Amino acid sequence: MRGYLLRRLPSALLVLLAASFLVFAVLRLVPGDPAAVLAGPDASPETEAAIRARLGLDAPLPTQYVRWLGDLLTGDLGPSYAIGGRTADLIGDGLGATVELTLGALLFVVVLGAAFGILGATARNRWVLGTVRVLTTGALAVPPFVTGVLLVLLFSVLLGVLPPGGRVPLLAAPDLGVQYLLLPSLCLALPSAAVLGRYLKDGIERALAEDYVRTATAAGITPRRILRRHALPNALPPVVTLLGMQTGHLLGGAVLVEAIFAWPGLGQLAEQALVRRDYPVVRDLLLLLVTVFVLVQLLTDLVHAWLDPRIRWE
Amino acid sequence: MTTHTPPARTKPAGTRTAPRRPRHAHRAALATARGRTGLALVGVVVLAGLLAPLLTGHGPTDQSGLSLAAPGTPGHPLGTDDLGRDLLARLLYGIRADLGIIAAAVPLGAALGCLLALAAAAHPVLDTVVQRTFDLILAFPGLILALAVTAILGPGRLPVILVIALAEIPVFGRLLRTGILVQRGREYVTAARVGGTSGGRILTRHILPNTADPLVVQIAVSLTVAVFVEGAMSFLGVGVRPPEPTLGAVLSQSMPYLAQAPHFAAGPLVTVTALVLGLSLAAEALNREIRR
């Protein structure tokens, strides 16, 4: 296992380094000099030069790149250009909101995924089975922006029970915060819950077809107990791996769901920073998101290797 | 958010000779109930887009004095939006714009991915380079890639096409590369090589035809992903520029008026759902037929 980690880690670091270079290079290609944008159209060349010097933009590009990597390692990301405040604070606030949304969604994924999987594998009622199938197919096929609009129409417009967008921090006001969190996290969770439900259903069905289940049934053990003690534990391990992979998807999907529900997380920050050409915020944010994604992929690979020894020797 | 359904598995090892299926398997797949429903849904949407100028007399950006008129208003069967534009016209021309984008982007990404996979198959060093390139693209989750590309190019139709194509390159590239590797190890390829067939001929006559099936399924899947990405980019404010309608753009413009005028959202909601469900059904029908 350690050998696998030692082989896998450098390649992940290499991807990150390449990504950082790419992000840096890409943002230098953006049309419009950040100093000129900041100084405004009427500024004299001297003002622009002063701003450029203050931001360190007059240094040669390789120096700027290395300086930036140094800043990243020390965590001191410097001031944002246009939004105001320090980049690290902005990203920290956004990260809190996005993590809240992702955790809420993860909870929905587990609960709904388990319900879809267990009902799909064990229910005998035609209507229940049909509902589960329609829900999972729909959740997988329909894009989140369609489900998002449908959820708002149903719960905010028709029933009027939940707010259509915005956020109240959960830790500041739990009762109000939950109301704002419910719709966006449900919208974010649905596709992943459907995937999880499908895998769980297959797993339980396979486990229920095993000989030991027949033996247990013959011994008079109740179906409920068979499911809980025998079928579920055998169906779970691959589903747990899948859950890890889906967490990465959730973080990616959060960017869109935030836009639908005006949730002030990293996605909204990225959008705002792009529109206002806030160059350091965009740069650090892109790299942060890529880093998280690479880490999730690495973790998933490690769990896979831990569960399946064949992968380690590939 | 890119939810790629798992690609069709290549045939289990042990089948000695490769070709065993009638050539018209794809047609057979689409003749199943599932395939037919899928094609019908997609067909209706595509037709509506193609016939847009015949189905409505309004232009997609023409403004009338009526703001948020209800459906059934004379001259505006689906009503009008907040700026008094005919919603039927916005919907039909929106479908057109979407179709144009995905019809350009998916084949572009597929072609580039396949070219890279062929390069990877040619030489081990190239293989490593190509594989790392795919890793790097995949390190940017779809929408982050969208933000990065738009940061350089600014919003518009071209960045949307580029984002979709870029995201599809590693998907098709990996699929074809794996396919080639699997087929190359098969006995019929060894037999052909022993028989003196040239490398190029083995590739074009034997290997590629046998790797095509998963690619066909992936095209259907990628088309749905393209609809996702276009809509998502419009919601993020980095899609096609405002007055021009796309399905995602019209839907995202309707968001502030959901309580007042739900009909504003109805057209794109139904259309996107029909299009995406139709493509998914077709993809599943193809996948089942191929796996049999």
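This is a predicted model: local features need pLDDT of at least 70, side-chain atom pairs count only at pLDDT 80 or more; totals for chains, interfaces and linings use all residues.
Reader: How many residues are buried in helix 10 of chain B?

Author: Eight of the eight, so helix 10 of chain B (residues 247-254) is largely enclosed by the rest of the structure. Among the buried residues are B:Leu247, B:Val250, B:Leu251 and B:Gln253.

Reader: What do the buried residues of helix 10 of chain B pack against?

Author: Their partners come from both chains. Chain A supplies helix 7 (144-158). Chain B supplies helix 4 (87-122), helix 9 (199-235) and helix 11 (263-291).

Reader: How should I read the angle between two helices? Take helix 10 and helix 11 of chain A.

Author: Look at the angle between the axes, then the distance. Helix 10 (residues 223-260) and helix 11 (residues 266-275) of chain A pack at about 75°, with axes 7 Å apart. Angles of 65 to 115 degrees count as roughly perpendicular, so helix 10 of chain A is roughly perpendicular to helix 11 of chain A.

Reader: Which residues meet there, in helix 10 and helix 11 of chain A?

Author: From helix 10 of chain A come A:Ala254, A:Val255, A:Glu258 and A:Ala259. From helix 11 of chain A come A:Gly267, A:Gln268, A:Ala270 and A:Glu271. By class, this contact has four nonpolar, two polar and two charged residues. An α-helix has 3.6 residues a turn, so residues three or four places apart point the same way.

Reader: How many residues does each chain give to the contact between chains A and B?

Author: Chain A gives 36 residues and chain B gives 35. On the side of chain A, the elements giving two or more residues include helix 1 (2-29), helix 6 (126-141) and helix 12 (279-307). That side has 32 nonpolar, three polar and one charged residues.

Reader: Now a single residue. Is B:Val160 buried or exposed?

Author: B:Val160 is buried, because 31 other C-beta atoms lie within 10 Å, and the cut-off for buried is 20 or more. B:Val160 is found in helix 7 (residues 157-184) of chain B.

Reader: Which residues does B:Val160 touch, beyond those up to four places away in sequence?

Author: B:Val160 touches B:Ile101, B:Glu230, B:Met233, B:Gly239 and B:Val240.

Technical notes. Residues are numbered from 1 along each chain as its sequence is written. Chains are lettered from A and ligands numbered from 1 in the order in which they are written. Axes are lines fitted to C-alpha atoms, for helices over the stretch in contact, and angles run from 0 to 180 degrees between N-to-C directions. Helices (H or I, at least four residues) and strands (E, at least two) are DSSP runs, numbered from the N terminus. Angles under 35 degrees count as roughly parallel, over 145 as roughly antiparallel, 65 to 115 as roughly perpendicular and the rest as oblique. Two residues are in contact if their C-beta atoms, placed from the backbone, lie within 7 Å. Ala, Val, Leu, Ile, Met, Phe, Trp, Tyr, Cys and Pro count as nonpolar, Asp, Glu, Lys and Arg as charged, and the others, Gly among them, as polar. A residue is buried if 20 or more other C-beta atoms lie within 10 Å of its own, exposed if 12 or fewer, and partly exposed in between; C-beta atoms are placed from the backbone.
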